Amino acid sequence: KPSEVTPINAYLVAEAIHASGLPKGVFNMVCGKGKACGEILAKHPKVDMVSFTGSTAVGRHLHALGAQQIKRVRTELGGKSAAVILDDATPEQIGLMAGNVLGNTGQSCNALSRMIVPKSRYDECCQIAKATFESVKVTEPGNPNASKIDIGPLSSREQQKKSYWLHSKGYR
């Protein structure tokens, strides 16, 4: 079940899977609101396995529902992906890691969101990350004058609120 906010990429993946010749029924995609679909899938006796990427609270709930039927539930939960910067990392590598936060406007479940750095390189890593972020070109949707865009709009107002909240936590 793809996100109801951004389902198009999942449709493309489903088309590719079906075009590959995988037997019918091996892969299935269901669209709809997360809570309603997730609960139905986790409870349904003909669903053998549920895979979920998202919040820890929802993952815990799906595991509890699946456990009632001894259903396999596989989850990737709540972690904010970290880049581990080693002592021998080059400034270019550090810049690439910092820039990874920005892929897909930072809205990918695998987008990095923090760096774990050696104490001896903390100031250097902060300067590189700052320079990386300051070089980003942001644009409004549909701006015909944008020649190079690094980051575009967020997928929804809700995502914008979450981004502001996460940003404010980073300043504590």
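Two strands are said to pair if DSSP finds at least two bridges between them, and helices (H or I, at least four residues) and strands (E, at least two) are DSSP runs numbered from the N terminus. The model shown is predicted: local features need pLDDT of at least 70, side-chain atom pairs count only at pLDDT 80 or more, and totals for chains, interfaces and linings use all residues. Residues are numbered from 1 along each chain as its sequence is written, and side-chain values use heavy atoms, with hydrogens and water left out.

**View 1. Parallel pairing of strands β1 and β2.** Strand β1 (residues 49-54) and strand β2 (residues 72-77) run parallel and are joined by six bridges. T53 has E76 of β2 as its bridge partner. Between β1 and β2 the chain passes through helix α3 (residues 56-67), forming a right-handed β-α-β crossover; right-handed means that, with the strands pointing away from the viewer, the path from the first strand over the helix to the second runs clockwise.

**View 2. A nonpolar surface patch that includes I116.** V84, L86 and I116 make a nonpolar patch of about 280 Å². Such patches consist of residues with over 30% relative accessible area and no salt bridge, with like charges joined within 9 Å and nonpolar side chains (Val, Leu, Ile, Met, Phe, Trp, Tyr) within 5 Å; a salt bridge is a side-chain nitrogen of Lys or Arg within 4 Å of a carboxyl oxygen of Asp or Glu. Accessible areas come from the Shrake-Rupley method with a 1.4 Å probe, and for residues only the protein chains shown count as cover. I116 lies in strand β4 (residues 114-116).

View 3. Zero disulfides are counted, a disulfide being a pair of cysteine sulfur atoms within 2.5 Å. C31 is in no disulfide, and the nearest cysteine sulfur, that of C37, is 7.8 Å away. C126 is likewise in no disulfide, with the nearest cysteine sulfur, that of C125, 7.2 Å away.
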